[in-house]
Amino acid sequence: MYFSEKEEKVIRTFYVNLDSYARDEMVLKWDEDNYIVATFDTCFEDDNDCEMDEEGYEEFTSFAFTVVAVRGNPPVYITEDDGFLIDYHNFPKEILVGGKKIN
């Protein structure tokens with residue numbers, strides 16, 4: 001998968017490790033008070049809802065998860081069916097599986 005310079009630094013390590021942990025519950029932590037326990041669903045190429053010919057148009061990789069538990073107010077929108085997306089714009093500081101950091 002191709003990553004832009006901006007997202008390469010943020011998501012590369014997680015993406016490389018994803019196959020090993022995709023079936024495990026993950027703890028996505030933005031800080032000690034704001035985190036989500038979740039299961040991974042899929043990843044896909046996404047964009048920022050601008051038209052391709054508009055200034056500021058951007059493509060990036062998004063990762064979809066399903067919420068198991070939430071603490072605080074993580075910077076994601078959680079849907080009615082407990083789904084949420086992360087990308088390099090709102091990527092957590094740490095993603096843990098079994099206490100091991102995988103990002």
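Modeller: Residues are numbered from 1 along each chain as its sequence is written. In this predicted model, local features need pLDDT of at least 70 and side-chain atom pairs count only at pLDDT 80 or more, while totals for chains, interfaces and linings use all residues, and side-chain values use heavy atoms, with hydrogens and water left out.

Colleague: What makes up the protein chain in terms of helices and strands?

Modeller: The protein chain has one helix and six strands. From the N terminus, the elements run α-β-β-β-β-β-β. Helices (H or I, at least four residues) and strands (E, at least two) are DSSP runs, numbered from the N terminus.

Colleague: Why are S1 and S2 called paired?

Modeller: Two strands pair if DSSP finds at least two bridges between them. Among the partners, Val27 has Val37 in S2, and Lys29 has Tyr35 in S2. S1 and S2 form a hairpin, with two residues between them.

Colleague: What is the strand order, and which strands are called edge strands?

Modeller: The six strands form an open sheet in the order S4-S3-S2-S1-S5-S6, with antiparallel pairing. S4 and S6 are the edge strands, since each pairs on one side only. Helix H1 (residues 5-21) packs on the sheet and touches S1, S2, S3, S5 and S6; contact means heavy atoms within 4.5 Å. The direction of H1 makes about 60 degrees with that of S3. Axes are lines fitted to C-alpha atoms, for helices over the stretch in contact, and angles run from 0 to 180 degrees between N-to-C directions.

Colleague: Why is the pair of Phe40 and Phe65 called edge-to-face?

Modeller: Rings of Phe, Tyr and Trp (its six-membered ring) pair if their centres lie within 6.5 Å; planes under 30 degrees apart count as stacked, over 60 as edge-to-face and the rest as tilted. A search of the whole structure finds eight aromatic pairs. For Phe40 and Phe65, the centres are 5.6 Å apart and the planes are at 75 degrees, so the pair is edge-to-face. Phe40 is in strand S2 and Phe65 in strand S3, 25 residues apart.

Colleague: And what makes the pair of Phe65 and Phe84 stacked?

Modeller: The ring centres of Phe65 and Phe84 are 5.4 Å apart with planes at 15 degrees, so the pair is stacked. Phe84 lies in strand S4 (residues 83-86), 19 residues from Phe65. Phe14, Phe40, Phe63, Phe65, Phe84 and Phe91 form one aromatic cluster.

Colleague: Why do Phe40 and Phe65 count as buried, but Tyr57 as partly exposed?

Modeller: Buried means under 20% relative accessible area, exposed over 50%, partly exposed in between (1.4 Å probe, protein chains only). Phe40 has 16% and Phe65 has 2%, so both are buried. Tyr57 has 22%, so Tyr57 is partly exposed. Tyr57 lies in the loop between S2 and strand S3 (59-71). Of the 103 residues of the protein chain, 37% count as buried.

Colleague: How do you know that the radius of gyration agrees with a compact globule?

Modeller: The radius is taken over C-alpha atoms, and the globule rule is 2.2 Å times the number of residues to the power 0.38. With 103 residues the rule gives a value near 13 Å, and the protein chain has 14 Å, which agrees. Along the principal axes, the C-alpha atoms fill a box of roughly 45 × 30 × 20 Å.
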